[in-house]
Amino acid sequence: MESLLVTSVAAVLACALLELALPAFNQLVGRTLVINYFSEFGIILVAVVVSVGVLAGAYPAFFMSAFSAKRVLSGDIQRGRTAILVRKLLLTLQASLSIALIIGAFSLHQQLSHLQSLAVGYEKQHRLEVDDIPARQLYFKHNNVLNQRINAVPGVISSSITDASFTSSFNTSFTVTSDNGELNDAVIPFIGVGFNIAKTAGLEVIAGRDLSADYGSDWHSLGDDGNGRAGVLVSQSFVKVAGYDSAEQAIGKELYSSSGDNQEVLKIVGVINDVTIGSAREASASPLILVCGFSWANEGKLIINFEPSQLNAVKTQVQQIVSDQLNVHNADIELVADNYRALYKNDERVSTLVAIFCILAILLTCLGTFGLAAFSTLRRQKEVAVRKVLGASRLSIVNLLAKEFLLLVAISTAIAFPLTYWLVGDWLANFNERIDQAMWFYVVAAALVAMITWLTVASLAFRAASTRPSLTLRYE
């Protein structure tokens, strides 16, 4: 009954803490969770409270009821080794969990930092995207007025158009044949873009030039024979796949793509560094073609390179220009950096949750260590007093009492290291771009748990070592 009462009070406190933490948790996970205690959840809660209360109280109840009155009154109560073994086992598991969570928190943070600083082939900072604009309003040859008005906005460095975002995956591709015969109806992804795309999106041109309005032939156009012509930028991976010896050799070469009875003739005017499209979890560098003025998409985007100090003014004026020029009201204007960060939002949530549970696990380990250390110190009071009489220092006594707990931490480390290495490695395998597991993560985690354990035990052991031996031994 005592155990059930304690467990019931703990359940009430837990529910109160849950209600206080729920708003912050909802904000963290992006959900609206509500706890209904008069539902199946309430039944499960009551069942858990009763089960924990009965199981926690069963051992001491049976243990004490098995005592012989004669042995108890004579002072022969040296029993309970099983209970101590269970306590040590639970403490070892808690320490293992703490070490694993600390390593996991370090690894998650390092991986996310690596992804945020990853060179993806385009510039994420100081770029705006205006989404959901009908492509037919962007992809026509004399679309100079819109770009001129946007470029005239104070704070705008350059602007261009695209029918796909670099921060999200796309599935537009066509069959390409190269003029050197290396490619024959190869399926290559492509993005429809506008003039100055490399300058605006921050693409690195390693050979040739950017798509430019100074070259009228860059923009896609149809000839009298029904065939289309356009200038294109290709990625470095495409150059390798197409069999060109260098990026410079690819400049001026032509690619051919058949569409029914017509043919698209694509002239390579520039080569860019490889671009990672979407999340680095799934994406990798692959052949890519950027076609000027050509798109199969229904919707397009404006991309704008701006001065950081003019962000709010640029957004306001671009919104007005898009409304006036394209009749698109309340256009969705977002930062490319925010879109890229959103790719890893779930991973950031997981990282935060792991950090929170890491702190909770360390706290529980401290509580478990404190309880077991208090019990051990109480049992060894006379030993401590005798050692002090024989000249033992306080520090040596503290280390003596802490030694068995540090041994438990060593066992916990042996359990946690291989299991955590496998789990973290399995998670990192989901990313094409990933960090290597650093052993200092593991050393720091084990040392941190060992230090916390030592300090917890030392807080009790030091007090025991400071007690005068005469107060402990005067009745002996």
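Where is Asp436 found? Asp436 sits in the loop between α13 (394-428) and α14 (439-466). The views below start there. This is a predicted model, in which local features need pLDDT of at least 70, side-chain atom pairs count only at pLDDT 80 or more, and totals for chains, interfaces and linings use all residues. Residues are numbered from 1 along each chain as its sequence is written, and side-chain values use heavy atoms, with hydrogens and water left out.

**View 1. Asp436 and Gln110.** These two residues are 326 residues apart in sequence, yet 9.7 Å apart in space, C-alpha to C-alpha. Asp436 counts as exposed, at 70% relative accessibility. (Buried means under 20% relative accessible area, exposed over 50%, partly exposed in between; 1.4 Å probe, protein chains only.) Helices (H or I, at least four residues) and strands (E, at least two) are DSSP runs, numbered from the N terminus.

**View 2. Thr92 in helix α4.** Helix α4 spans residues 81-116 and holds Thr92. Thr92 is buried, with a relative accessible area of 7%. Leaving aside neighbours within four places in sequence, Thr92 is in contact (heavy atoms within 4.5 Å) with Leu408, Ile411, Ser412 and Ile415.

**View 3. Positive phi at Asp185 and Asn196.** Neither residue is a glycine. Asp185 has a positive phi of about 55°. It lies in the loop between β3 (173-178) and β4 (186-193). For Asn196, phi is near 60°. Asn196 lies in the loop between β4 and α6 (197-201), and is partly exposed at 29% relative accessibility.

**View 4. The second largest pocket.** Its space is about 360 Å³. (On a 1 Å grid over the protein atoms alone, a pocket is an open set of points where a 1.4 Å probe fits, with protein on both sides within 12 Å along at least five of seven lines; lining residues have an atom within 4 Å of a point.) α1 (2-29) and α11 each supply at least two lining residues. The largest share, eight residues, comes from α1. The lining includes Ala14, Phe25, Leu353 and Phe357.

**View 5. A nonpolar surface patch.** Ile356, Phe357, Leu360, Leu363, Leu364 and Leu367 make a patch of about 580 Å². (Patch residues have over 30% relative accessible area and no salt bridge; nonpolar side chains, Val, Leu, Ile, Met, Phe, Trp and Tyr, are joined within 5 Å.) Leu367 is in helix α11 (residues 345-379). Leu367 is exposed, with a relative accessible area of 55%. Ile356, Phe357 and Leu360 also line the second largest pocket.

Conventions:
Patches are made of residues with over 30% relative accessible area and no salt bridge: like charges are joined within 9 Å, nonpolar side chains (Val, Leu, Ile, Met, Phe, Trp, Tyr) within 5 Å. Accessible areas come from the Shrake-Rupley method with a 1.4 Å probe; for residues, only the protein chains shown count as cover. A salt bridge is a side-chain nitrogen of Lys or Arg within 4 Å of a carboxyl oxygen of Asp or Glu. Grid points are joined across faces, edges and corners, and a volume is the space filled by probe spheres set on the points.
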